[in-house]
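Hello,

Here is the structure I promised to pass on to you. Have a look first, and then read on for what I found in it.

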Amino acid sequence: MIEKIAKGPLLPAMRRRRILTVATLATLLSMLYWGLMASDRFVSEAHVIVQRTDVAYGQDTDLSSLLGNLGGSSGADQLLLRDHLLSVDMLNKLDAQLQLRAHYSDGSHDVFSRMWDKDAPLERFHAYYLRRVSIEMDERAGVLVIKAEAYDPAKAHEIVAMLVREGERFMNAMAHRLAEEQVQFLEKQVADMSERALKARQALLDFQDKEGLVSPENTAENLAGIVNGLQTQLADLQARRSAMLGYLMDDSADVVRLDQQISAVEKQIKREQARLTSKAGPALNQTVERYQRLQMNAEFTQEVYKSALVALEKGRIEATRMLKKVSVLQSPTMPQYALQPRRLYNTIVFVLVTLLIAGIVNLMAAIIRDHKD
């Protein structure tokens, strides 16, 4: 009798009924859980955008450029903010202020949605946090959508509000750290430039003291004027001598006197020209060239020092004011009813998946039975 039941159609029918019974039981349990046992989770939501408030240096500060800079946002800034808000550091701050561990592990909530162990390791706590907090970036609009789930509407609102507040503080703190590092670098550069400028000015003064000239350029110009005057005088004397030779002899007293004057002027011209240019030793033109090099170096270091001072003042202003602002497009909402769990949706999906699995199991059993036969 038992062999007939095993070989007859009763055994497959019993297997089908067993699979159907398991599927029905699972469906009833899911309906019981989603309908009665699952704890309500309230969702608070906020929309924010990161904006830069600095005006780029070198740009015209007209109204359009100001509005353009104030309205600008960076996708990199949004991603940095998102990463920080989902970080372990942010979780520790939230837990310290809002007691998230106690809230999410409260035994009054259903066992499947709450965090089972209040003293769970930080890694598991963070993994649970990532399931309850979502931060999505709308790349088209450049907006961060911050959502947080909690078993209490006020708690969900507090979580999102703190995320927005701490996000703005973090972005400005990071920008200020960079600005302060830049200020420290600029302060060192200003100190170096100041020392270089003082050394260059001192080298110029030492050169003036050594040569005994306040302005070699002016001295050279004066000598050139003297030479030009002597050459003019020489030409006049030579013209007078030529005129006298028309009616006097070479050895006449007037011609001899002119010759002496001409010789004296020529010697004076040679002496003055030797002061300006000389191959044997240092001349005034070489002194002027060295002076000009020292003067240009002093002027250059002075201009660099001025530029460093301007950059330092700008850097100090940037380090003390708010560089980035997290503008709230939608304030954290105060939930009025629970959005999670989606009871009807979850129940329908569970039932459909259960029936699908039951059908697959039944089909596999039939295939195995056919192969055995």
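**What I found**

Helix α11, which runs over residues 284-320, contains Glu-303. Please keep in mind that this is a predicted model. Glu-303 is partly exposed, since its relative accessible area is 45%. Along the chain, Glu-303 and Met-193 are 110 residues apart, yet their C-alpha atoms are separated by 9.5 Å.

Next, the strands. Is strand β3 (residues 143-150) mostly buried or exposed? Of its 8 residues, 7 are buried, so β3 is largely enclosed by the rest of the structure; buried here means under 20% relative accessible area.

β3 has pairing partners that you can trace in the view:

- Strand β1 (residues 42-52) pairs with β3 in the antiparallel sense, over 7 bridges. Phe-42 has Ala-150 as its bridge partner in β3.
- Strand β2 (residues 133-138) also pairs with β3 in the antiparallel sense, here over 6 bridges. For Ser-134, the bridge partner in β3 is Lys-147.

β2 and β3 form a hairpin, with 4 residues between them. In that turn, Gly-142 has a positive phi of about 70°.

Finally, the surface. Which residues form a nonpolar patch there? They are Leu-25, Leu-29, Leu-32, Leu-36 and Met-37, and together they have about 520 Å² of accessible area. One of them, Leu-29, lies in helix α2 (residues 10-37). With a relative accessible area of 51%, Leu-29 counts as exposed, because the cut-off for that is over 50%.

Enjoy exploring it!

Best wishes

How values were computed
Residues are numbered from 1 along each chain as its sequence is written. This is a predicted model: local features need pLDDT of at least 70, side-chain atom pairs count only at pLDDT 80 or more; totals for chains, interfaces and linings use all residues. Side-chain values use heavy atoms; hydrogens and water are left out. Buried means under 20% relative accessible area, exposed over 50%, partly exposed in between (1.4 Å probe, protein chains only). Helices (H or I, at least four residues) and strands (E, at least two) are DSSP runs, numbered from the N terminus. Two strands pair if DSSP finds at least two bridges between them. Patches are made of residues with over 30% relative accessible area and no salt bridge: like charges are joined within 9 Å, nonpolar side chains (Val, Leu, Ile, Met, Phe, Trp, Tyr) within 5 Å. Accessible areas come from the Shrake-Rupley method with a 1.4 Å probe; for residues, only the protein chains shown count as cover. A salt bridge is a side-chain nitrogen of Lys or Arg within 4 Å of a carboxyl oxygen of Asp or Glu.
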